[in-house]
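We will go from the whole chain down to single residues.

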Amino acid sequence: MNFIDNIKNKYDLPVLVSLIFLPIASLICIPIYIVNYGIVWQEIAMLFIGWFFAGTGITIGYHRLFAHRTFKTYSIVEWFYMLTGSMALQNSILHWCSDHRRHHKKLDTKDDPYSIKEGFFHAHIGWIIKKGNNNYAHVSDLERKSAVKFQKKYYWTIALFLSFVLPVIIGFTYGRPFGGLLWGGVLRTTLVHHFTFFINSLCHYLGNREYDSSTSARDSWIMAFLTFGEGYHNYHHKFQWDYRNGIRWYNFDPSKWIIEFLSLFNITYGLRKVPDYLILQAKIDTVIKKIKYFSGNQSLYLDKINKITRNVRINLDLLKKLEKKYKLVRNNKNISLQLNRYNKQKNIYKLELQNAISSLLIILINIKNLG
Ligand SMILES: [Zn+2]
Ligand SMILES: [Zn+2]
């Protein structure tokens, strides 16, 4: 009796049961269903289309649009992302964003709701099944939005309808309602759940820390591949207001590409982007911090490092002034005349700074090898 009471007090039972039930149902029911009734293309399509909508509903909608406000859009688009985000069954926008903003603000402390310091299981799923996560704060800016207000009232109806009833209805249209439920509902929800939970667990566990070595957040292209681009998590924690997570054009970040594509038609606008000088400064600060950490009291490369940092300071300052000037020019809508000159000059400063980073990295490798 004591054990059951303990479980009841500690865990949110409906959440616990559904999070255990969904993966088990996927693992057992789907193979049995395939053996008896085979696979049809409609169910594979429903799985991947549902995964895409629910996944990007979280990454573009809940995360980059609502939680961080990295770009602006129209109310109808907010409604769209409210609906697709609800399909992920990860609670309401208000709840999700409140937890997420706290995660950024209190990262790696005991007030971080999904702190990796409390272990991989806690960061992945443990924090969701525990009781005591039902109050939200720091989301008053979102409470005024019509989509958010509507979702707050009808969250469970919307979420359960889109996640389970709709796949059954679609299944009826080709004569396999149970197949629709299994592929488009149960399996799809399980996959979206765990691949987004990976952002809180594996993205604080696997990868590099190029922009800030003092936090647990890490950059990993493998994780980006599995999470619609959210795997560049070290960069994201350093610059949470950037609509991009993978900043290089080749970084796998479909959420960024979709936001950019929609901006071509003005569906999204006011995309917020960190200036290059701040990004390069963060990278340089991080390498220097690592060098200091590994060199201890040694001063073997001190003269060289001082020389590089002097040069870095000059180039960062020039790049900062140039980017600010460009912003003014852009605001004056007189851009085409000066854009070429601006880009050329910017590339010169950036090249100098990249060279400085390479030199610092060589020093870091040497120091590590000496150690
Ligand atoms: Zn994080
Ligand atoms: Zn975030």
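What share of the contacts in the chain with a separation of 6 or more comes from residues 24 or more positions apart? They account for 69%. Two residues are in contact if their C-beta atoms, placed from the backbone, lie within 7 Å.

This is a predicted model: local features need pLDDT of at least 70, side-chain atom pairs count only at pLDDT 80 or more, and totals for chains, interfaces and linings use all residues. Residues are numbered from 1 along each chain as its sequence is written, while chains are lettered from A and ligands numbered from 1 in the order in which they are written.

**Whole chain**

Show the C-alpha trace. Along its principal axes it spans about 70 × 55 × 45 Å. The chain has 15 helices and 2 strands. These are DSSP runs, numbered from the N terminus (helices: H or I, at least four residues; strands: E, at least two). Of the 371 residues, 39% count as buried. Buried means 20 or more other C-beta atoms within 10 Å of the residue's own; exposed means 12 or fewer, and partly exposed lies in between, with C-beta atoms placed from the backbone.

**Two domains**

Colour 3-269 as domain 1 and 276-370 as domain 2. These bounds come from an automatic or database domain assignment. The domain centres, taken over C-alpha atoms, are 35 Å apart. Ala, Val, Leu, Ile, Met, Phe, Trp, Tyr, Cys and Pro count as nonpolar, Asp, Glu, Lys and Arg as charged, and the others, Gly among them, as polar.

**The cores**

Select Ala 54, Tyr 62, Phe 66, Ile 93, Cys 97, Leu 142 and Phe 198. These have the most contacts inside the largest nonpolar core, which has 42 residues. A nonpolar core is a set of buried Ala, Val, Leu, Ile, Met, Phe, Trp, Tyr and Cys residues joined through C-beta atoms within 7 Å. Helix H3 (41-67) gives the most to this core, with 9 residues. Now centre on Ile 93. Beyond its neighbours within four places in sequence, Ile 93 is in contact with residues including Tyr 62, Phe 66, Met 82 and Leu 142. Another core, of 15 residues, lies apart from the largest one; Ile 279, Leu 280, Leu 316 and Leu 319 are among its members.

**H3 against H9**

Show H3 and helix H9 (177-200). Their axes come within 9 Å and cross at roughly 35°. Axes are lines fitted to C-alpha atoms, for helices over the stretch in contact, with angles from 0 to 180 degrees between N-to-C directions. Among the meeting residues are Gly 50, Trp 51 and Ala 54 in H3, and Gly 184, Leu 187 and Arg 188 in H9. The contact divides into 10 nonpolar, 6 polar and 2 charged residues.

**Loop stops**

Go to Asn 91, in the loop between H4 and H5. Its phi is near 80°, a positive value in a residue other than glycine. Is Asn 91 buried or exposed? Asn 91 is buried, because 21 other C-beta atoms lie within 10 Å.

Next, pick Asp 108, between H5 and H6. Its phi is near 65°, also positive. Asp 108 has 17 C-beta neighbours inside 10 Å, so it counts as partly exposed.

Finish at Ser 299, in the loop between H13 and H14. Ser 299 counts as exposed, because it has 9 C-beta neighbours inside 10 Å.
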